[in-house]
Structure formats: C-alpha cells, structure tokens
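Welcome! Here is a short tour for anyone meeting this structure for the first time. Please have a look at the picture before reading on.

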Amino acid sequence: PPAVGERLLNPHPGKLPLESIQVVLEELRKNGNLEWLDKNKTSFLIMWRRPEEWGKLIYQWVSKNGLTNSVFTLYELASGDDTENEEFHGLDETMLLRALQALQQEHKAEIITLDDGRGVKFF
C-alpha cells in the first residue's frame, strides 16, 4: 500500500492530473507526434512516426531497390508483396498520403490519379 505521504500528493494513484496530461500532449505536439483534430483540443491523433519520417523510410526503400522513376498504387506500397518486410507495410492510407505529400514537397515524389485510385511516382 502507498505511504501516507504518497496518498496526500496523489489522492488518486494511477490517475494523472489534467494539467499533467496537457503538458504531455503539448510536448508530443511540439515534437510533431500529435495533431489536434478539433479547435477545442478534445480529440487528437498521436503518431508513432511523423509523416516526414514515414516518407523517409519509403524513399529509402525506393532508392535501395532502384525504383526511382517508378509508379506505384497506394495499395502496392502499403499492402503489396514487395513491401511485406518494410516498416511502412500496413500503414493506413491517411498516414501514407501524408508521408507521400512530405516527399512531394521535397520533389522526390508526385501523387497522381490512376484509373483505379491514387498512386505515386518517385523521382
């Protein structure tokens, strides 16, 4: 059982005060690992890796395999057999698109529209 002093400092063991939670969330936001989904800051997305980091991993795979100037569907990148052993395999489409947008800003990729959905060309 907790000592008397511990109970006085934190009357609800295992529960963080709201102010402490807000400090943690703000640090995650500053580091680019949290994005608020509403103006009232009641809903948020926590990202294990920032989109730029995912983009870097994807581009390393493209470069390592000599696939620049190649076109892929989003499905091929996230779910294809060729990416099965890559960390970005299984990445949800929203984060995949953010990663590809980051690469597009660096002029390493271009998101394109294909007959069966969206794809990407790497440079």
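Two strands count as paired if DSSP finds at least two bridges between them. With that in mind, strands E4 and E5 are antiparallel partners joined by six bridges. The model is a predicted one, and the protein chain has an average pLDDT of 90.

**How confident is the prediction?**
- In the protein chain, 89% of the residues score at least 70 in pLDDT.
- Confidence is highest in helix H3 (residues 51-64), with a mean of 97.
- Helix H1 (residues 4-9) is where confidence is lowest, with a mean of 52.
- Where pLDDT is low, the predicted coordinates should not be read in detail.

**The sheet**
- Three strands form an open sheet in the order E3-E5-E4, and their pairing is antiparallel.
- E3 (71-73) and E4 (109-114) are the edge strands; each has a single partner strand, so one side of each has no neighbour in the sheet.
- From one strand to the next, the twist averages 30°.

**E3 with E5**
- Strand E5 (residues 117-122) pairs with E3 over three bridges, in the antiparallel sense.
- Valine 71 has lysine 121 of E5 as its bridge partner.

**E4 with E5**
- A hairpin of two residues leads from E4 to E5.
- Leucine 114 stands opposite glycine 117 in E5.
- Alanine 109 faces phenylalanine 122 of E5 as its opposite residue.

**Helix H2**
- Helix H2 covers residues 18-30, which makes 13 residues.
- From its first C-alpha to its last, H2 reaches 18 Å, close to the 18 Å expected at 1.5 Å a residue.
- Just after H2 comes glycine 32, which takes a positive phi of about 85°.

**Helix H5 and its neighbours**
- Helix H5 (residues 93-105) lies across E4 and E5, and runs at about 130° to E4.
- How do the axes of H3 and H5 cross? They come within 7 Å and cross at roughly 75°.
- Angles of 65 to 115 degrees count as roughly perpendicular, and H3 and H5 are therefore roughly perpendicular to each other.
- On the H3 side, the contact is made by Pro51, Glu52, Trp54, Gly55, Ile58 and Tyr59.
- On the H5 side, Met95, Leu96, Arg98, Ala99, Ala102 and Leu103 make the contact.
- Which kinds of residue form the contact of H3 with H5? Nine are nonpolar, one is polar and two are charged.

Technical notes: Residues are numbered from 1 along each chain as its sequence is written. This is a predicted model: local features need pLDDT of at least 70, side-chain atom pairs count only at pLDDT 80 or more; totals for chains, interfaces and linings use all residues. Side-chain values use heavy atoms; hydrogens and water are left out. Helices (H or I, at least four residues) and strands (E, at least two) are DSSP runs, numbered from the N terminus. The expected span of a helix is 1.5 Å times one less than its number of residues. Axes are lines fitted to C-alpha atoms, for helices over the stretch in contact, and angles run from 0 to 180 degrees between N-to-C directions. Contact means heavy atoms within 4.5 Å. pLDDT is the predictor's confidence in each residue, from 0 to 100. Angles under 35 degrees count as roughly parallel, over 145 as roughly antiparallel, 65 to 115 as roughly perpendicular and the rest as oblique. Ala, Val, Leu, Ile, Met, Phe, Trp, Tyr, Cys and Pro count as nonpolar, Asp, Glu, Lys and Arg as charged, and the others, Gly among them, as polar.
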